[in-house]
Amino acid sequence: MNMSDLVVSIVRMFEYRDDVSEIVEDLTDPCVSDIDKLRAVVRMRKIAEATEAELIARLAKSNGWDDIHNLGKYDEYRRRFVRLVDDGVLLVDEALPLEIAVARQTSVMSASWLLRDIVNLTERHPFTWQAIQELRVPVWQAQRVASTCMSFGLTAEETRTVDEHIQPSLGRLGIQRVVNVVKATVVKVAPDAAARKALNAQSRRCVNTYPCVNDTATSYLEATLDTADAVFFDATVDRVADVLADRGDTRDKDHRRATAVGILATPALALSMLGVHTRRGMVPDQPDPPIPTPKQVRGSLPVARVYVHLSGDALMRGEGVARVERLGPVRVQDLARVVGHARIRVTPVLHLGDSDPGTDRYEIPESLREHVLARDGFEAFPYSSREARHLDLDHVDPFVPGREGQTRASNLAPLSRRSHRVKTHAGWILEQPEPGVFYWRTGMGQILRVGPDGTTDLTPALQRHQTSRILTETGPIGTSPPA
């Protein structure tokens, strides 16, 4: 960022100073109505979000690179600059989303999306970006505009044309109407891009499951499939639901249909209930499959491996709260509902105690891995909600061949690849003074503690004690700051 750009961005942020003073006066004035105070708070939030967006844009420029021919000079540091926006100019340091995530106390994924959208807005959506700064639209609505254009794969020139066309709608229409205006404009401005998106949508197929927020014993099932398959699947679900009713199930149709989907997860059970009710997809001369017996149905149930964490007291009493990996907290008495009709594979209960198991090898034995996973549960990165089981275990102090006992629980941390890279190549420092307690010092000087009780931001307290001096100290991050 050159000096003139810096001055403009700083001046823009201070333009809100008078507005903020007026808002504070309204909020503290007992004569101002509650509805007017609410409107004042909404405006205050817009000011804060617009300022946040401006600061993130400045960070992207000051930690970015817009001349790809000079990227080679960074090879010696093994740093990566990534292009967040197709057909964009700016490349951004890979460590920046993690710095923003720590500062905003959000996930790295959320910070990455926000950074991507802001870079997209500043580079390709000048009118929408201006609307943010003028407080005509909140940042989240501008993100919807940017992401909608991005979904069509528009060029930078096409995006700017769309952005100019929709500017009269910004701040005047509801967000869904604005998105509809964007889509209609894309069809006019870039018909080929609209056609490509329609074609790509036809080729996308996926099936996803994720737990309900309010009831971990139930889950959502989401699928994108051929319309013909969806019609037949719906009809089969309906047929199984009707069979359940014929057998005496008195629940409403929606409940029976949901049960039917579960029944279809065990084909032998579904076949025993339906017989061969359709030959769709079968070879014309292929004989009908035999109807399985009840014993065969029981033997065809899948084996479910579910990782459950609970205390010995809860296990003995049969009540309390357990944590089921991928699902979250579940009442102990509801565990049977989680595994349903599947057979269960029991794994030994791990008692961590005060042990610190280890090995001299670089490779991590499965028993040691399970020990660390049970200890930490989640990624050892600030505010992360990533479950540890799906991550790599990283040596906090880098492994040096020949030294004994380096691969031990107190020197291992579950980290994603991005967290590992910033620790290794971006100047971030990680320490584990005691098993399961981690101290992070980011490349920009933020200092945080991650432990069983979550993340504690130590940056404000340390900054009051000359953070710049602390960052040059060689002592542990978690020690008291120097006088």
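Rings of Phe, Tyr and Trp, the last taken by its six-membered ring, count as a pair if their centres lie within 6.5 Å. In this predicted model, Phe381, Trp428 and Trp440 form one aromatic cluster. The structure holds four aromatic pairs, and two of them are described here.

Begin with Phe381 and Trp440. Their ring centres are 5.3 Å apart and their planes meet at 70°, so this pair is edge-to-face, the class for planes over 60 degrees apart. The two residues come from distant parts of the chain, 59 residues apart. Phe381 sits in the loop between helix H17 (366–376) and strand E12 (392–395), whereas Trp440 belongs to strand E16 (residues 437–441).

The next pair joins Trp440 to Trp428. Here the distance is 6.1 Å centre to centre, with 80° between the planes, and this pair is edge-to-face. It too links distant parts of the chain: Trp428 lies in the loop between helix H18 (417–425) and strand E15 (429–434), 12 residues from Trp440 in strand E16.

Trp440 has a relative accessible area of 0%. For Trp428 the value is 4%, so this residue is buried, the cut-off being under 20%.

Ile35, Leu38 and Val42 make a nonpolar surface patch of about 250 Å². Of these residues, Leu38 is found in helix H3, which covers residues 34–62.

Technical notes
Residues numbered from 1 in each chain as written. Predicted model: local features only at pLDDT ≥ 70, side-chain atom pairs only at ≥ 80, totals over all residues. Heavy atoms only, no water. Phe/Tyr/Trp six-rings, centres within 6.5 Å; stacked < 30°, edge-to-face > 60°. Helix = DSSP H or I, 4+ residues; strand = E, 2+ residues; numbered from the N terminus. Buried < 20%, exposed > 50% of the residue type's maximum accessible area, 1.4 Å probe, protein only. Patch = residues over 30% accessible without salt bridge, like charges linked within 9 Å, V, L, I, M, F, W, Y side chains within 5 Å. Areas by Shrake-Rupley, 256 points an atom, 1.4 Å probe, with all protein chains shown as cover. Salt bridge = Lys/Arg side-chain N within 4 Å of Asp/Glu carboxyl O.
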